[in-house]
Each structure stands twice: as structure tokens, then as C-alpha cells.
Amino acid sequence: MTINEKQDEIIDTFELFDDPLDKTQYIIDLGKKLSPIDEQYKTDDYLIKGCQSRVWLYAELKDNLLYFYGDGEPEAQIAKGLISMLIDVLSGQTPENIANADLYFIERVGMSSLVTSRRAGGLNSMIQKMKQYGSVYSKLHA
Amino acid sequence: MEVQTIDIDTVRSLFPVLDQKVNGKPLVYFDNAATTQKPRQVIDALTGYYEGYNANIHRGIHTLAEKATSAFEETRAAIRRFINAPSTDEVIFTYGTTDGINLIAKTFGRQFIGAGDEILISTMEHHSNIVPWQMLCEEKGCILKVIPIHDSGEIDMEAFDRLLTDRTRLVSVGHASNALGTVNPVKEIIGKAHAAGARVLVDGAQGASHLDVDVQAMDVDFYVFSLHKMYGPTGMGILYGKREILDAMPPYRGGGEMIREVTFEKTTYADLPYKFEAGTPNIADVVAAKTAVEFIEALGKANIAAHEKALLDYATAAVATIDGLRIIGQAREKVSVLSFVIDGIHHEDMGVILDQQGIAVRTGHHCTQPLMKRYGISGTSRASFAVYNTIEEIDILKAGIERAVKMLR
């Protein structure tokens, strides 16, 4: 699936929810499904700055596709859910497509109202970090 | 004094902001320790000033300037009465509590605290009662010492006795803690500090609207607070100081209003309180602040305190049954602050889910990072109550927390 197809899928899912609490529950549950990452990646080098809670992210290139792996401290469930959703959208795509992705689903699913501005700062940091990986790997490859 | 029951419905009707839905639910505003909402009369006083007699004060000869000056000085008189200061000369307008503490650090501190001198603060201080002293100590070589607290959130008074020495120049403590709710024994602290020859600054940000403040009975040297935490406008605060100390202090900011005569060779300064009020002040907010003071006085501070205590007691008992919830700050005497953590749940997640239910609480370190470190936590969720809050709202909070716990576990 392309990045946009994935985004559209998330938008469709969120349209099923009337209550913002149900959206939050969905995000929390996504966080719970996140596979734990190896302890070696839970360092400051992989920490996403700007998050209130601690979230780590790293990427690996395989056959010119970039795969993301993320995790958060156990209590940070909404943050873990958000990174899980971003990984779902962006992981397994080409670095170029990741770097240039227009992530319109965030606005469309009402995530900007779902997360506080302080947490939205964290969400933006997550997106920036993933796009940065995309940008760096696309230049390496070029 | 006999406590009278306040008609909360009537009080609530004075606060336009409370009558709204947030995320589809009726707003429950429990972030009062950060800032309180404003009653109609405060809002009207603000617009009344701008619509009726906006003018720069003190220097103008025209009618509007006279009217504005008079309203401005009436607030000073109201504040003097509110804190029982001996004179309006000792009531300095600032931009808030932080501004007041910085003023004292930059004037009293620079003049009277030198290398090797000691400043005592407590573990529970707000960053605004830590950082200005650290800056002063870097500049002057003085030493900042910290009075430890017990697990309950109360100051360790035995440790205070040990830390108070003939090198102590200033003790600076909060009247009440914004993060824990603890009411500190400021009268005892002031008595002991004075006996040791030290001055005392009380940070009244969390005290002024809840506690009886009589600066003469306390014998406090400096008392600072913000009007926006006591139903008044933002950007406006008070520094009370004893006349003999204020007189001995150099001015803070230089500019208009604070001078007697300026020549290029030498400038002489104005008398109190204007010596510390350089530039055009925050006239509109100062003018409106009087109505906030009158609002509190009309309800009666003791009556407000009784209502808030009833809310705190009810809330404390209500949340005690929530599995894994721990209240941070269990002092015997508290203002209406309920700070808590729940096992396995991040306070930010709690804040987001409560907000989605229309409940406004504060989450995080509450500008008290060293205090959070003392408890080994990164932050708390904090509900803080004001006169317009109700028992029903606490029931909503409890149900909201339970819902969040269910979602997150």
C-alpha cells in the first residue's frame, strides 16, 4: 500500500468513532500492539526530542525501503500509540516518499484536537524525525 | 469568625467562562492554581477603563488622566487593606509574583547579600523562587541552601533550625505549595529567621487568595503575589515590603515615573512606591484588580476557605478508592490542591483523557522539578479548586479519572 492508501485507511477507521474518547482508545490500543525494541536503541541518540514522555525511534534500510521501529516508556501509552500509527503509515516505503510525504490524515482524523498542543509538539517531532531519516537515506542512496 | 455558606450557583453565574462545553462536555475547571477565572465585575472594570477613561497616569493634567490616576491609586489602597499593610507606600505594583521575586533579588539581593552569605529556600519552591537566587549567587558568590521536606510534603523544621545560621541573609519560602498544597508555617519561620538576623520573603502566589494575609501580624519583610490567581487580571502582581527595607534598596528599573529629578550629571529617585515603578504601568489591569479584591472581600476569605476545604476533603476521600492512585502532598494543612499519580499511567495521558471529558487539570512538573525529583516522579496530575467549584464537579472528576484508568490499563 502507498502512504496515501494507508492514510485513507486510517481516516476511514476514525470515521467510525463519534466520541473522541473512542479515538483515543484506538490510539492507546495501537500503542499496546507495538513490538518492543532492543534495549540498545533506548538511548538518547534515538530519543525523540520534544515529547513530554520518552519515545525512541530508529530506522533500517532494506532493498531501498525504509523500516521504522519505535517504542516508548511503559506509561506513555498515547505517545506510543501515535508513534505506532506513524510507523504504520510510513514504514516500508522508499526514503524519497517518506521525506516528501504529505501527512494529511493527522488533520483529517482530528488528531490536532485529540492531542494537546504540548503533545502535538511531540507528534510533530516524531514526524520530523521520520522525514529526516527519509531525507538522509534518500541522499545516501542518490 | 463564624463561617457562612456561600451560594455557589450565584457565584458561578458571575463567571461567564464557566458556562461552556469543552469537547462536548460541560467545562469542569480545576486548574485554579495556575490561574483562576474572572468574575463579570473584573471583566467589566477592564472594558470600563478602556471605554471610559483610558489615559496615562500621574503626569496628566486633564480629566481622563485624573480619573485613571485615581482609579489606579484606589487599587493600591484596596490592596493595602487586603494584606493589612501599614501604608500604601509599601505596596508596589509588579507584573506578577515572578517579577516581584526578581525585583527583590536584583535590588535587595545585590545590595545586602554578598560572597559567602546564605539564602535559604525549601525543596518545594516554584522555579521562580529558585532561579532568581541561583542567578544572584552566580553573580555575588552567595550560597543557596535548601531546607528538606518530609514525605508528607511538610518542611523539616528541625533541618531549618540547623540550616539557619548567622550567615543566613534571607529565607524565601512559599506561603503554600502549588504542587503539593502544603501550607507552610511562615509565622514560625519568620520568627526564627528574624531571631537569627535574616530577612524573610514569602511567595504568596498560592497563599493570597486562600489564606489570611496580614503582613503586620506575620511580621514578614516581603510578601509577593499575583492577581490572576485570585480572580483578577493577568500580568499584574504585588510586592509588599517593609518601608525601612524598601527605602534602603536601590531602584530596580530606570526610566520615567521613578525619578525625582534627572540631569545628565545625576538623577535623584522618587519616593516609595514610585521608586520601583518605572515606565507606564499596567494601568488597566491594576484598575480592574480592585474589583477582584472586592469580590473576595464580599464573599469573605474565611467562607471561601471553608468551601475550598470542603471540596478538598471530599475530593481526597473520593479519589482514595481509585486503584493505584497516590496523593503527592499529604500535609496536615493544605490549600485546595490535589496532586496525584497513578501506577503505570503517565500524567500527560491522564490530562489528555480528562480534557476530552471537559475536565481541565494541570499535568507535569508544575515548575517544581527539584520537588518532583525529591519524590522520584516526573510529574503529577493536579486538580486545584476555587470558590466556584462544586462537589458535583468532583464526582465528575472521579468518574473521569476512573474512565481514563480503564482506558489505559
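Between which two helices of chain B does the loop that holds H58(B) lie? The legends below take up this and other sites. The model is predicted; local features need pLDDT of at least 70, side-chain atom pairs count only at pLDDT 80 or more, and totals for chains, interfaces and linings use all residues. Residues are numbered from 1 along each chain as its sequence is written, and chains are lettered from A and ligands numbered from 1 in the order in which they are written.

**Figure 1. The loop of H58(B).** H58(B) is found in the loop between helix 2 (40-52) and helix 3 (63-83) of chain B. Helices (H or I, at least four residues) and strands (E, at least two) are DSSP runs, numbered from the N terminus. The phi angle of H58(B) is near 70 degrees, a positive value in a residue other than glycine. Most residues other than glycine have a negative phi. With 17 other C-beta atoms within 10 Å, H58(B) is partly exposed. A residue is buried if 20 or more other C-beta atoms lie within 10 Å of its own, exposed if 12 or fewer, and partly exposed in between, with C-beta atoms placed from the backbone.

Figure 2. C367(B), a residue other than glycine, has a positive phi near 55 degrees. This residue is partly exposed, because 18 other C-beta atoms lie within 10 Å.

**Figure 3. The cis peptide bond at P273(B).** The bond from L272(B) to P273(B) is cis, with omega near 0 degrees. Most peptide bonds are trans. P273(B) is placed in the loop between strand 12 (267-269) and helix 10 (283-299) of chain B.

Figure 4. An automatic or database domain assignment divides chain B into domain 1 (8-30 + 300-408) and domain 2 (43-297). In domain 1 of chain B, 22 residues are in contact with 21 residues of domain 2 of chain B, a contact being two residues whose C-beta atoms, placed from the backbone, lie within 7 Å. Helix 11 of chain B gives the largest share of the domain 1 side, four residues. The residues of this side divide into nine nonpolar, seven polar and six charged. Here Ala, Val, Leu, Ile, Met, Phe, Trp, Tyr, Cys and Pro count as nonpolar, Asp, Glu, Lys and Arg as charged, and the others, Gly among them, as polar.
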